[in-house]
Amino acid sequence: MKVYNTSFTLSTDERTEISDITKLVRDAVQQFAVTTGIALVNTLHTTCALFVNEYQAALVEDLTRLVERLVPERGGYRHDDPRYSDCERGNAHSHLRAALLGRSIAVGINDGDLVLGRFQSIIFAEMDGPRKREVTVQVLGE
Amino acid sequence: MKVYNTSFTLSTDERTEISDITKLVRDAVQQFAVTTGIALVNTLHTTCALFVNEYQAALVEDLTRLVERLVPERGGYRHDDPRYSDCERGNAHSHLRAALLGRSIAVGINDGDLVLGRFQSIIFAEMDGPRKREVTVQVLGE
Amino acid sequence: MKVYNTSFTLSTDERTEISDITKLVRDAVQQFAVTTGIALVNTLHTTCALFVNEYQAALVEDLTRLVERLVPERGGYRHDDPRYSDCERGNAHSHLRAALLGRSIAVGINDGDLVLGRFQSIIFAEMDGPRKREVTVQVLGE
C-alpha cells in the first residue's frame, strides 16, 4: 500500500457559495491509479466547510438558510468585537457555521473510483468569501 | 499493510429510527483478521446519519428531539416544493439533519478489535425511513 | 506503509473547557518518524468533542455560547430524568453538544508534520468536566 498527497485550489466569488467538488476530488484521486483504498479530503481553512450530501439547487438553498438561522451573521459575537479580537473580517458566524458542518471527509476507493452513493456529492461550502481556498487530498491504497 | 472493502445493509421500519450498529461494524471488520489499523465506515445515502455516542434509550430520544427542534420537519424548505425540486418525498429535513450529525466515522483497530471507549457505540440514524440502507466499511491495517 | 497506535490523556478543570491540543497531537505523531500519511485522532468519550478550527479566545467563547444556545443545559432531557435513565450526572446536554461538534478528526501528514492551515488548530472541547480524558492517535504512513 502507498500514500499520496495532492491538493487543488478553488476561487469563490460570493460571501456564501456552495459548490459540488466531486469531480475535482475524483480527478485528484485518479491521477494516482489506486484501485482500492481511501481518500482523505480536507480544507486548510477555518471559515468554510466540506461534507457529503445531495447537491441539488433547492436543497443547497435550504442548507444555507438553516445555517443562517442556527448561526445568524450578526450574533453579537466576541470574535467580531475589536475589544476582544483583532480579526477585522466580522466572520465569527463563518467559523461557527463551519464548526457545525465539518471541514474534512474520508471516502472509500474501490475499482479505482470514489465509493459514493447515487445521490452523494462532495460539497464545498464557502462561508466567508470571496476567497481563494486550498483543499488537500491524501490517498492511501494500492 | 493491506486494504479491504466490505459492506452491509440495514432495513429500517420507521421514519426516524436510531440503532446501535457496533456489532455489525465489528463483525465486518473482524472477518479480515487485521490486528492494527483503522476502519472507515460510511453510509452511501444522504438522508441518514452515522456517528459515535452513547447508545441509551432516553438519550436517543433526546437526540431525536434535538434534531426535530433544530430542523423541523415542516420548515418551508425549497427541496420539498415542487416548483424548485422534483423530489416528492418531502425529505429536506432528513438531508439537513444528516448534514448536522455526519454520515461517516473512522475508528481505530488495536489488538484486533475496534478502539472504542466504554460508553461509545457506533450509531446509525435513519431520518427518512422506512428504507433499505447500505453501509460500507474500509479496513486499512496489518 | 506502517500503522502505529498511541494515546495521551488530558485533565480538565472546568465543566466546559476548550483547549488547543495541536502540540499534543503533533508530538504523538512525530514520535513515529512518519514522513507521509494520515493521523486519526479520536476521543474515547461521549461527552466531549474534537474538531479543527481557529483557536482564538473570543471565538472559543462564541462557540461555547453557540452550543449553549442550541443545546441548553436544562432542556428537560430524558437522559437526565431518573425515570428513564440511571445516569446521575445530568449530562444529556454534553452528549448532544458533542454529537453536533464531532469527536474525531483525520489530518494529513506531509514532510513529517501535520497538514494544517495557518489558522487551523486541533481543538478539544470538554463538555462535562472536570474529568480525565483519553485521546487516541492512529498514524498510517511511511
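Strand 5 (residues 104-110) of chain C pairs with strand 6 of chain C in the antiparallel sense, over two bridges. The structure is a predicted model. Within this pairing, Asp113(C) in strand 6 of chain C is the bridge partner of Asn110(C). Both strands belong to an open sheet of five strands in chain C, with the order 1-8-3-5-6 and antiparallel pairing. Strand 1 (2-11) and strand 6 (113-114) of chain C form the edges, each pairing on one side only.

In chain B, the packing of two helices was examined. The axes of helix 2 (residues 57-70) and helix 3 (residues 92-101) of chain B come within 10 Å and cross at roughly 120°. The crossing is right-handed. From helix 2 of chain B, Leu63(B), Val67(B), Glu68(B) and Leu70(B) take part in the contact. They meet Arg97(B), Leu100(B) and Leu101(B) of helix 3 of chain B. Five of these contact residues are nonpolar, two are charged and none is polar.

Helix 3 of chain B is largely enclosed by the rest of the structure, because ten of its ten residues are buried. Among them are the charged-contact residue Arg97(B) and the histidines His93(B) and His95(B). The cover over these buried residues includes parts of chains A, B and C. Chain A contributes strand 4 (48-53), helix 2 (57-70) and helix 3 (92-101). Strand 4 (48-53) and helix 2 of chain B also take part, together with helix 3 (92-101) of chain C. Just after helix 3 of chain B, Gly102(B) adopts a positive phi of about 95°.

Terms used
Residues are numbered from 1 along each chain as its sequence is written. Chains are lettered from A and ligands numbered from 1 in the order in which they are written. This is a predicted model: local features need pLDDT of at least 70, side-chain atom pairs count only at pLDDT 80 or more; totals for chains, interfaces and linings use all residues. Side-chain values use heavy atoms; hydrogens and water are left out. Two strands pair if DSSP finds at least two bridges between them. Helices (H or I, at least four residues) and strands (E, at least two) are DSSP runs, numbered from the N terminus. Axes are lines fitted to C-alpha atoms, for helices over the stretch in contact, and angles run from 0 to 180 degrees between N-to-C directions. A crossing is left-handed if the near helix is turned anticlockwise from the far one by less than a right angle, and right-handed if clockwise. Contact means heavy atoms within 4.5 Å. Ala, Val, Leu, Ile, Met, Phe, Trp, Tyr, Cys and Pro count as nonpolar, Asp, Glu, Lys and Arg as charged, and the others, Gly among them, as polar. Buried means under 20% relative accessible area, exposed over 50%, partly exposed in between (1.4 Å probe, protein chains only).
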